[in-house]
Amino acid sequence: TPTDAKLVAQCLYHRMDLGNNVTAVTEALETLRRKNLLGYSEKHGYKLQSSAGEEWERERRDVGVPREAIGEMVQASLRFLVAEPERPRLQARSFPWAAHFSDGRRVDDVTLVDPRDNAPVRVDFRYLVREDRDQATWVKRSDETALRDRLLWLAGDVDQVDELARELGRSRSMVNRYKSRQESLSASRKLLLQQESNRVEDLEKQTREAVAAAFMAGRMYFRGLPLTPREQGASFAVALHAAGTRVLPDLFPHFIATQVQPAELMQLV
């Protein structure tokens, strides 16, 4: 019988009237699995981690992840997320996205997406600590000359993002440390390396989801107007597209949809 979450849950009742505890037990088992304290296979279910696994986890916990590395992972997540939404349209003409990133401390106005176009919708992502996210301050700043043509998007609570990015950094470091000498590793270490590689993929997805959730819990600002992301759409992609479409008429108030081909332009010249 595989030692799955249902079996473990059935073994943890100390009273008959406690109700269904499979969900809570599953979450606990997966937490222990992510920490490499449990192994798992479809055939046998969960098992206590080997001594090699415990040693691997101790080494992994000692890996330091600097703040700069966390910022780079947030930037990578935002590049992925900005690539998803459709381009906003004005009079049936689509406008490309441009994106920038600042954390208010170490990184300022880093270019995430550069469309090489003279007429983009420019989104300014701000990954700030709580004390730097005062709404009155950003209502005023968003109407300053330097920021008037940008859609400012400030993240909300970022604790979950930081935690996941830190875990991702540890996993990547372990994979990079042992990948080059994979052939000389013992069988147990090869298995642990493969599990760590799988964990990197899972954590990359979770980090992107956490970054999206953090910005959805934040605020948008455009020329003195605060916007709530969840009022623009239920997801990051939908909210960004809706907000971009909303600000386009203000960014290009004299836009005319007529297109002039290069050959026609040369006739005018």
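User: Is Phe125 buried or exposed?

Analyst: Buried: Phe125 comes out at 0% relative accessibility. Keep in mind that this is a predicted model.

User: OK. And how many aromatic pairs are there overall?

Analyst: The count is nine aromatic pairs. One of them is Phe125 with Phe215: the ring centres are 5.4 Å apart and the planes sit at 85°, so that's edge-to-face.

User: Which parts does that pair tie together?

Analyst: Phe125 is in strand 7 (residues 121-126) and Phe215 is in helix 7 (residues 187-216), so the contact joins parts 90 residues apart in sequence. Phe215 is buried as well, with a relative accessible area of 0%.

User: What's the geometry between Trp153 and Phe215?

Analyst: Edge-to-face again, because the planes are at 80°, over the 60 degree cut-off. The centres of the Trp153 and Phe215 rings are 6.0 Å apart.

User: And where does Trp153 sit?

Analyst: In strand 8 (residues 150-154), so to speak across the sequence from Phe215 in helix 7: the two are 62 residues apart, and the pair links distant parts of the chain. Both Trp153 and Phe215 are buried.

User: Which residues make up the aromatic cluster there?

Analyst: Phe125, Trp153, Phe215 and Phe236 form one cluster.

User: Switching topic: which ring does the charged end of Arg208 sit over?

Analyst: The ring of Phe80, at 4.0 Å from its centre. There's also Arg93, whose charged end is over the Phe95 ring, 4.4 Å from the centre.

Methods:
Residues are numbered from 1 along each chain as its sequence is written. This is a predicted model: local features need pLDDT of at least 70, side-chain atom pairs count only at pLDDT 80 or more; totals for chains, interfaces and linings use all residues. Side-chain values use heavy atoms; hydrogens and water are left out. Rings of Phe, Tyr and Trp (its six-membered ring) pair if their centres lie within 6.5 Å; planes under 30 degrees apart count as stacked, over 60 as edge-to-face and the rest as tilted. Helices (H or I, at least four residues) and strands (E, at least two) are DSSP runs, numbered from the N terminus. Buried means under 20% relative accessible area, exposed over 50%, partly exposed in between (1.4 Å probe, protein chains only). A charge sits over a ring if NZ of Lys or CZ of Arg is within 6 Å of the ring centre and within 35 degrees of the ring normal.
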